[in-house]
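Try each task before you read its solution.

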Amino acid sequence: MSNVNIKINGMALSVPAEFTILEAARQANIEIPTLCYLKGINEIGACRICVVEVKGAKTPLVAACVYPVFEGMEVLTNTLEVQYSRRVTLDLILSNHNRECLSCIRNGNCELQRLCWFFGVETENPYEGEILASEFDDSTVHMTRDNKKCILCRRCSAVCKDQQRVGVIGPNYRGFKTQIGSAFDLNLGEVPCVSCGQCIVVCPTAAIAEKDQTDEVWAALNDPTKHVVVQTAPSIRATIGEGFGMPIGTDATGKMVAALRRLGFDSVLDTNFGADMTIMEEATELIGRLQSGENLPLITSCSPGWVKYCEHYHPDFVPNLSSCKSPQQMLGAIVKTWYAEKKGLKPENIFVVGVMPCTAKKFEVSREDESAAGVPDCDVALTTREITRMMKRAGIEFVDLPDEKFDSLFTDATGAGKIFGTSGGVMEAALRTAADWVGGNADAPIDFTEVRGMYGVKEATYRIGGKEINVAVASGLSNAEELLKKVKTGEKKYHFIEMMGCQGGCINGGGQPIQIGYVRSFTDLKGLRSQVLYNQDRTAEHRKSHNNPQVKELYDIWLGSPGSEKAHHILHTTQKARDNF
């Protein structure tokens, strides 16, 4: 890769010839503002906020996100003309924007609001636009859509179409009537949206947002007849600190537990325990299928966005899906059955809240599924963003909290359970247990590093119990789609596949803290977050799910063996084919 010599604001730089001005400025630690740009996803130069001056260019101002560098280029990023242009553009965007910022779910974390403050945009707008007469869409269980707050950046449609290969939203109409919508102006609840929420985390405003269920949780916490239990997914500990200004990649486990306890939950549990339960059942299922040769490859079912995608778009693979419930649902099922017995509580009086990285978890708790307790396994799934808002409303000074531990009933979660939150983690956890069980060797490998990392698709072959096992890991639905095509054609033959709906896995889920586009484009969010989980795994006392003392005790005294009739009744589910429209 050859370099070119350029100047930005008089600073001499040598940058790769393939760079744009935006990328070159980043190398010089200069942030050029953007609203539509997402590196590798949406590079269309549409919003015009990133304009800069290039000496000698044919036009006075150029879009830095798409304009390539060249030898001898001189760029000015903050001239008065540049600043005026950006301010006018912001005024024009605001002229037809719903400006009810105080009541907006993104108030304080809105990219448009942030730039308006930076550039001194006044409350009184010099331009008068027409706000679209679009209806507020709350037809899905996981999100809402308000086109009155849309700035037509097209990030959402790019992610939905190209990264997730779903494509249920995109620009409709033309000119001033252009708006983001679904085919035939259908509501999102009428199209095969998979609830992944990736459109939410890239939206610069609140045109798309998670459906807030915090009022339901506040009501339960204040209901004396309810025993309210909260459980947190593995990845939450690696991300929740971001909501309180802590650096990306901060392990906030102890402060998270302390904050949840101060919110008034009767019990604070670790979903990692449910992850260990999942491995007990899933490893048993894998061994059974390897022995019978039926419905191979086995495909994981922990990611509800992936499961819904499979049900809509690849129903022929539904028999390959693991019948295991996700860790959230497994732990909820145990709470509503064994925990209820132990505490002398009626299942209907227990209210289980999951704090999850994923908006599809909201869909998961609403699935038509028979529960062993006769009531939903989990009552409400909150995103990381929702629980953060609850903590802030309660006046909890998160950063200053002491570190506390989960309640003792389900605390011996293993390192295997912790890495569920990152791509390859479910696969590695299952292999650790399967290798022990099939090979009869407690010293079998612990670190299956080939399935780690942020690559879209990872493959490996392992010898387990004298047999070669071909495995694959895919994260992001476009990668899942390509992998399934190869399986269908016979180009690839696997025994076990891990699928995650979001690229990088749960640490990059649609319910995680929203970072501005500039950070998402130039910071290794997925890598920094996942490292927290691998660090916890490396230092864990137990690193294999079947070595969890409390899990072993639960099977010994109540469930019997993994895969038993009782375990299957409580811990397994069914999937089904769904229509596309």
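On a 1 Å grid over the protein atoms alone, a pocket is an open set of points where a 1.4 Å probe fits, with protein on both sides within 12 Å along at least five of seven lines, and lining residues have an atom within 4 Å of a point. The model is predicted, so local features need pLDDT of at least 70 and side-chain atom pairs count only at pLDDT 80 or more, while totals for chains, interfaces and linings use all residues. Residues are numbered from 1 along each chain as its sequence is written, and side-chain values use heavy atoms, with hydrogens and water left out.

**Exercise 1. Describe the largest pocket: which residues lie nearest its centre?**

Step 1: Find the lining, which has 24 residues; L92, N96, L152, G175 and F176 lie nearest the centre.
Step 2: Take the volume, the space filled by probe spheres set on grid points joined across faces, edges and corners. For this pocket that is about 740 Å³.
Step 3: Sort the lining by class, with Ala, Val, Leu, Ile, Met, Phe, Trp, Tyr, Cys and Pro as nonpolar, Asp, Glu, Lys and Arg as charged, and the others, Gly among them, as polar. The lining has 13 nonpolar, seven polar and four charged residues.

**Exercise 2. Which element gives the largest share of the lining of the second largest pocket?**

Step 1: This pocket holds about 610 Å³ of space, and I105, N109, T388, R389 and K392 are nearest its centre among 26 lining residues.
Step 2: Elements are DSSP runs numbered from the N terminus: helices (H or I, at least four residues) and strands (E, at least two). Two or more lining residues come from each of β9 (208–210), α6 (214–221) and α12.
Step 3: Helix α12 gives the largest share, seven residues.
Step 4: By class, the lining divides into 10 nonpolar, seven polar and nine charged residues.

**Exercise 3. Is the pair R432 and D537 buried or exposed?**

Step 1: Check for a salt bridge (a side-chain nitrogen of Lys or Arg within 4 Å of a carboxyl oxygen of Asp or Glu). R432 and D537 form one, their closest N and O atoms being 2.9 Å apart.
Step 2: R432 is in helix α14 (residues 425–439) and D537 in helix α17 (residues 525–538), so their bridge ties together parts 105 residues apart in sequence.
Step 3: Apply the relative accessible area cut-offs (buried under 20%, exposed over 50%, partly exposed in between; 1.4 Å probe, protein chains only). Both R432 and D537 are buried.
Step 4: Follow the shared partners: salt bridges join E428, R432, D447, R452, D537 and R543 into one network.
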